[in-house]
Structure formats: structure tokens, C-alpha cells
Amino acid sequence: MNAVAARRVWSVVTHVLLLLGVAVSIFPFYWMFVMASRTTQDIFKFPPELLPGTHLLENFGKVFDSVDLLGSTANTIFVAVVTTVLVLFFDSIAAFAFAKFEFPAKNLLFVVLLVTFMIPSQLSTVPSFVIMANFGWVGSFQALIVPGAVNAFGIFLLRQYAQGAVSAELLDAARIDGCNFWRQYWHVAVPLLRPALAFLGIFTFINAWNDYFWPLVVLIDPGRQTLQVALSQLNGLYNTDYSMVMAGTLLAVIPLIIVFFLGARQFLADLAAGAVKQ
């Protein structure tokens with residue numbers, strides 16, 4: 001076998017493996033759709049039904065009758081969007097400062113930041129609740145948004161990216177042109193950090209959207225429930241309609257898929273543009 005034939009065989013094998021990986025990744029979403037379109041009795045059949053059924057709209061109707069899906073979705077969109085915007089803003093500023101500027105106790109502060117990154121979030125539940133209660137924010141969206149407005153992971157990610165993406169020569173040229181810190185940040189750093197910001201935005205939005213424990217603890221007003229807390233009410237005390245639960249889960253996943261594809265498109269486009277420029 002010559003070199004050309006070997007490359008072709010390796011290309012075919014690579015594409016087959018990639019397609020297999022895609023199929024394995026997509027199958028859980030397909031299976032969720034199948035279960036959402038069937039009845040609970042169909043879900044427990046053996047062998048299982050692998051084709052979609054005819055009860056999808058019926059199950060959607062049960063979800064809307066059981067919980068305030070539209071209201072909880074609106075609450076979740078508001079919290080997720082505001083949290084994502086604040087994280088991108090504050091984390092990028094901190095990362096830019098850590099990566100490209102010198103200030104007292106810089107290394108010590110970064111070590112403290114990494115230490116907080118390693119502490120499980122569950123350990124801060126009680127102190128965070130006490131702080132929110134002292135501020136009078138229990139039951140309000142501030143209790144969800146403000147604690148999540150900055151995170152150590154985002155600062156660490158953007159700092160590592162900024163060290164290589166934002167060159168000292170560009171910053172020196174900006175200073176010569178009279179740019180202060182904020183103009184250097186907005187006109188130099190942010191355009192170069194867009195791929196990392198796109199990834200962090202997707203990551204933050206998905207985490208805020210899927211957050212269940214903290215909203216369950218801190219939101220005491222049923223009218224301000226987030227989507228995950230509302231969907232948990234679909235589980236009955238003695239009997240659970242699993243097809244209805246899967247229908248609710250499907251409705252909750254669709255916005256995440258849309259956000260992922262939009263953000264991933266921007267992320268890949270920026271990476272490709274950077275590669276061409278280099």
C-alpha cells in the first residue's frame with residue numbers, strides 16, 4: 001500500500017470514528033425525544049421502542065397544565081442572560097488586569113483566586129444564604145445573579161488566553177495613542193478575547209440555565225421559580241408520568257441547543273479568523 005492509499009484509508013477511518021462519536025453524542029437527545037412522544041407504559045416496554053410516537057403534543061399539554069412553564073422559562077432566561085453578561089464583563093476585566101498589568105500582591109491574589117476555584121460550591125451554601133438574608137435579597141433574583149456575577153474559572157480561563165492573544169506591542173501602541181485602561185480593554189483586549197468569551201458565555205449560560213440547588217434554596221416566591229425548580233414538580237409523590245417529565249425536559253433543552261449552536265458558530269469563526277491572520 002502506497003502513501004496515498006494509506007492516507008485515504010486513514011481519512012476514511014477517521015471520518016467513520018467521528019461519525020460514530022457524533023451518533024453516540026446525539027443519541028441521548030434522540031432518545032429523550034422518543035420518550036417525550038410516547039406514554040409511560042411505552043417507556044417501560046422491552047424491547048424498547050426506538051421510533052417516535054404520537055403523544056408529543058399531548059405530553060406538552062400536560063406539562064403546561066402542571067407547571068407555569070412560560071413564567072419559569074422567562075425567569076430563567078432573565079437570570080441566565082444577566083448572569084452571563086456580568087460574568088463576561090467582570091471576568092474579562094479581571095483577567096486582562098492579571099495577564100497584562102503589574103500591581104501590588106498580584107501573584108498572591110491570583111493564588112487566592114485559584115484556591116477559591118478549588119473549593120466545592122456546596123460549602124458556601126449556608127454562608128451565602130446568610131449574606132443574602134442580611135441584604136434582604138432572599139426570594140429575589142438578586143440572590144441568583146449577584147453571587148454568580150464573577151467566577152474564578154472564567155478569570156483563570158480568560159487570563160490564560162489573554163497572555164498569548166493580547167501582545168504587549170499592541171498595548172504599547174495603544175498607550176502611545178493615548179488609550180487609558182478602559183480603551184485598551186475595550187478596543188484591544190475584547191476583540192482578541194472573543195473566542196474565549198464565546199466559550200465562557202456558552203458555559204456560563206448553560207450553568208445558569210441548569211442551576212437547580214441554589215434557586216431551590218433561595219427563591220421562596222412561587223412566582224419567581226426558575227425552570228429547573230418548576231420541572232422538578234412534575235415528579236409525583238406516588239406516581240410519575242415519565243413521558244410528561246421527558247416532554248418538559250425536552251422543552252427545557254431546546255433553548256440550550258440554540259444557544260450552543262449560535263455561540264459555537266461565533267467561537268469557531270473567531271478561531272478560524274485568528275488562524276488565518278497568523
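Start by selecting residues 3-53 and then 72-239: the domain assignment of the chain gives these as domain 1 and domain 2, respectively. The model is predicted. Taken over C-alpha atoms, the centres of domain 1 and domain 2 are separated by 34 Å.

Next, go to the largest pocket. Select Ser121, Pro147, Gly148, Asn151 and Asp211, which lie nearest its centre among the 30 residues of the lining. The largest pocket holds about 1200 Å³ of space. To see which elements give two or more residues to this lining, colour α4 (69-100), α5 (106-118), α6 (125-135), α8 (152-165), α11 (194-210) and α12 (213-218). By residue class, the lining of the largest pocket has 16 nonpolar, 13 polar and 1 charged.

Now select helix α10, residues 181-192. Its 12 residues should span 16 Å at 1.5 Å a residue, and the end C-alpha atoms are 16 Å apart, so the two values agree. Show the side chains of Gln184, Tyr185, Val188, Ala189 and Val190, the buried residues of α10. The buried residues of α10 pack against α4, α9 (168-176) and α11.

Select Trp31, Val34, Met35, Arg38, Asp42, Ile43 and Glu49, which line the largest cavity. The elements giving two or more residues to this lining are α1 (3-36) and α2 (40-43), and α1 gives the most, with 3 residues. About 40 Å³ of space lies in the largest cavity. Its lining residues divide into 4 nonpolar, no polar and 3 charged.

Technical notes. Residues are numbered from 1 along each chain as its sequence is written. This is a predicted model: local features need pLDDT of at least 70, side-chain atom pairs count only at pLDDT 80 or more; totals for chains, interfaces and linings use all residues. Side-chain values use heavy atoms; hydrogens and water are left out. Domain bounds come from an automatic or database domain assignment. On a 1 Å grid over the protein atoms alone, a cavity is a set of points where a 1.4 Å probe fits but cannot get out, and a pocket is an open set with protein on both sides within 12 Å along at least five of seven lines; lining residues have an atom within 4 Å of a point. Grid points are joined across faces, edges and corners, and a volume is the space filled by probe spheres set on the points. Helices (H or I, at least four residues) and strands (E, at least two) are DSSP runs, numbered from the N terminus. Ala, Val, Leu, Ile, Met, Phe, Trp, Tyr, Cys and Pro count as nonpolar, Asp, Glu, Lys and Arg as charged, and the others, Gly among them, as polar. The expected span of a helix is 1.5 Å times one less than its number of residues. Buried means under 20% relative accessible area, exposed over 50%, partly exposed in between (1.4 Å probe, protein chains only). Contact means heavy atoms within 4.5 Å.
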